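Please find below my note on the model, written as numbered points.

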Amino acid sequence: MLQNIKISPSPHISKHYSTSLIMLNVLIGLLPAFIAAVWYFRARAVMLTLVCVAVCCLTEWLCNLTRSKPNSLGDLSAAITGVILAFSVPPALPWWAAIIGSVFAIAVGKMVFGGLGANVFNPAMIGRAFLTASFGMMMTTWTVPATIDKNMPEISVKNTSAITQATPLAWSKQAIKSKKIEDVSKKVDASIANNMLKDLFFGQRGGCLGETSSVALIIGGIYLLLTGTISIHIPLAVLLSAFVASSIGYFMDSTAYASPVFHLMSGGMLIGAFFIATDPVTSPLTKKGMWIFGIGVGGLTMLIRMVGEYSEGMMFSVLLMNSITPLIDKFCKIIPAGGKPNV
Amino acid sequence: MPVPKQLAIMLSQHIGAICRPVVNKKDRVTAGQLIGSADAFVSAPIHSPVNGTVKDIALCSHPVLGRAEAVIIESDESNQSKQPCADKFDGRFNPDKFTPEKIFNAVRNAGIVGMGGAGFPTSVKIKTNPSSPIRTIIINGCECEPFITCDYRVMLEWTNQVVAGALLIGKALGCGDIYIGIEDNKPKAADAFREAIKNIPAAAGIEVVVVKTKYPQGGEKQLIKSILGEDVPAGGIPPMIGVLVSNVATAAAIAEAVVFDIPLTYRPVTVSGSGIKKPGNFYAPVGMAIGELIELAGGLTDDAAKVILGGPMMGFAIADLSTPITKTSGAIIVLTEKEIGKAKMLGKETACIRCGRCIASCPVNVNPTRIAHAVKHNLLEIAEDYYMSACIECGCCSYVCPANIELSGFIKTGKILVARQKKLMPK
């Protein structure tokens, strides 16, 4: 009896969940967005997601093998990187570009730092940044969703072929840029963007694979919040700060700047707020730190969208805030209940 | 229950100086006789629970200290198991019959220590100290760890005795502001106390406070926060803000010691967990082997995997079933693999994903992951910089950690390492 008696420090019981379970919940949370992606972009969505997940997992396995480390695929974090990378590239991206992005995301974004828990930047965003820098054209070519009747007249004046389409964010960017144009006939009004709210909500619009359907992302985000997979601080801070920043622009000049609701639902704002910025490894530990991080992500995104050259800013703002996460943690030390102890 | 044939009574059952044995090998002892004398102020004497012969004074397995000196007593046939004296307390109890000096001396001589687990000598706590007078007394009826029910039984069956003990503590400290804190999953205990307070005229000032059931509600700092809304300074003790917290079983032992001059030699013990065939509560003599208590509770089931002295959250894993119980052993919990969790059973630890769950769960707001990782890499200054000394070692962080990191274990190790560095503790 009791030959296998166990000795360990207390506590002797634990909550029955694990890192893998948390990651599995994130994957389930991404499922509605995947369904929406398949609905709007058909086979491309399936192909890109499968390629990215497979290559991410393979890269992680190979990295572990070369470093003689135990296989870490079981924690499912490589799969999440794959899914998020696939969701944040244009549907028309060729498969070989997706492979390059996935390899870079895992190998340089994660494994060189020592694997899960040690990476400074969000691996999926590293992969996407690499693709943006390398294949700028491909990363800004947007497919028309399969659900749009291609014989219908397009909103875009230029693209009558209806193979590609400007994203709503590109329209809002045009409106900002055309502020300086003297010729009234060439001016683009922000109301074009504001009229797209219904399509933004359901996802029938050009954009990255998994970020077009706001409703799917919101469902996934609520699932993550309800299961306690993420805490509310970062999503709330991102969305609130983006709302405030875009409101300022909207109230200053509503013909040039699109409405706050438009900005919250367009581009990578929702997938960023719920799935990318909330990556625990690359975001701060404390609540106060999470607020600062979230406000930084939301604020920087809006700064890039409204003032910068790019029409979308989620990727850069997440990467920038990732880089100062250690600093935030350093300055947001929590004080114990009852004040600082006299050491 | 039968009296065990042999008892190993530890000479260190409390915080403070270890007792000096005052009996020799082959001496005859009687129940209640002093066998370990406490010479220092912060210490508590030790008595024999039974009539018998001293077989040896030797090193034995100690639940916390590894191996420590114990007086081994062989009990003889004349023994009868000690019965609780709760039925001798009724509405006529009046604490004014006793002076504070008499109460202090009785508590000191009876060797009473905090029976909730800490084992701090009670006499030290109830000695009036002009520099930090006690203005509030809280009787701790919050048994917040899973499985443990011995304090619940004490509250239900020894209600009057606990109230008497509370009044005696109040008398000793000249303090009339007394609360009894009970978790809201034990309404029967709260009712029993309300009834007892009604029946004892002297107890009219005692207030029963029902608090939320959560872990670690029974931690003295957490209970003070719940009842009085005040924070004890981090790394400090309740007397710093004029509060004394005492466990219900300790209060009962005080009443017994002051009124009947009976030393603390028996205590209620919960034997429970899925690895026990017939879980129950026992009134057991100090020094009884854990294995014998488990036998009384029907023995171990086949899938028993871990024996714990104390609760599953803060107790100590036991390797040797001959380890005796001490005055602070409120429970013996035997867990199965299913309860422990597979990852914990295998000791399988994965990388910290910085999710912050440990921080969110921490009742005293420290940063467990930072402290634990600093200790892991022997960076004790960083650990202290993150307020390691404020940790109350409740184990919540390890409980919630999805990566199954022994955060609490690392922090405890870090505290010991720091104490050694400062030469507060021997190597």
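Predicted model: local features only at pLDDT ≥ 70, side-chain atom pairs only at ≥ 80, totals over all residues.

1. Residues are numbered from 1 along each chain as its sequence is written, chains are lettered from A and ligands numbered from 1 in the order in which they are written, and side-chain values use heavy atoms, with hydrogens and water left out.

2. Over all chains, a search of the whole structure finds 10 aromatic pairs, a pair being two rings of Phe, Tyr or Trp (its six-membered ring) with centres within 6.5 Å, called stacked if the planes are under 30 degrees apart, edge-to-face if over 60 and tilted for the rest. In one of them, A:F34 and A:F87 are stacked, because their ring centres are 6.4 Å apart and their planes are at 10 degrees. The two residues are 53 apart in the chain, A:F34 in helix α1 (residues 19-41) and A:F87 in helix α3 (residues 77-87) of chain A, where helices (H or I, at least four residues) and strands (E, at least two) are DSSP runs numbered from the N terminus. A:F34 is partly exposed at 25% relative accessible area, whereas A:F87 is buried at 0%; buried means under 20%, exposed over 50% and partly exposed in between, with a 1.4 Å probe and protein chains only.

3. B:F89 and B:F260 make an edge-to-face pair, since their ring centres lie 5.6 Å apart with planes at 80 degrees. B:F89 is in the loop between β7 (66-75) and α1 (100-109) of chain B and B:F260 is in helix α7 (residues 248-260), so the pair ties together parts 171 residues apart in sequence.

4. Two charged residues lie over ring faces: A:R42 over A:W39, at 5.2 Å from the ring centre, and B:K127 over B:F104, at 4.7 Å. The criterion is that NZ of Lys or CZ of Arg is within 6 Å of the ring centre and within 35 degrees of the ring normal.

5. The largest nonpolar core has 69 residues, and A:I84, A:F87 and A:M125 are among those with the most contacts inside it; such a core is a set of buried Ala, Val, Leu, Ile, Met, Phe, Trp, Tyr and Cys residues joined through side-chain atoms within 4.5 Å. Helix α1(A) gives the most to this core, with 9 residues. Apart from it lies another core of 55 residues, including B:F93 and B:I206.

6. B:I72 lies in strand β7 of chain B and is buried at 10% relative accessibility. B:I72 and B:A8 are 64 residues apart in sequence, yet 4.4 Å apart in space, C-alpha to C-alpha.

7. How many residues of chain B are in contact with chain A? There are 62, and they meet 42 residues of chain A, contact meaning heavy atoms within 4.5 Å. The area buried between the chains is about 4400 Å², with carbon and sulfur atoms giving 60%; buried area is the accessible area (1.4 Å probe) that two parts lose on being put together, summed over both. In chain B, the residues that lose the most area to chain A are B:I353, B:R354 and B:Y387, together 18% of what that side buries.
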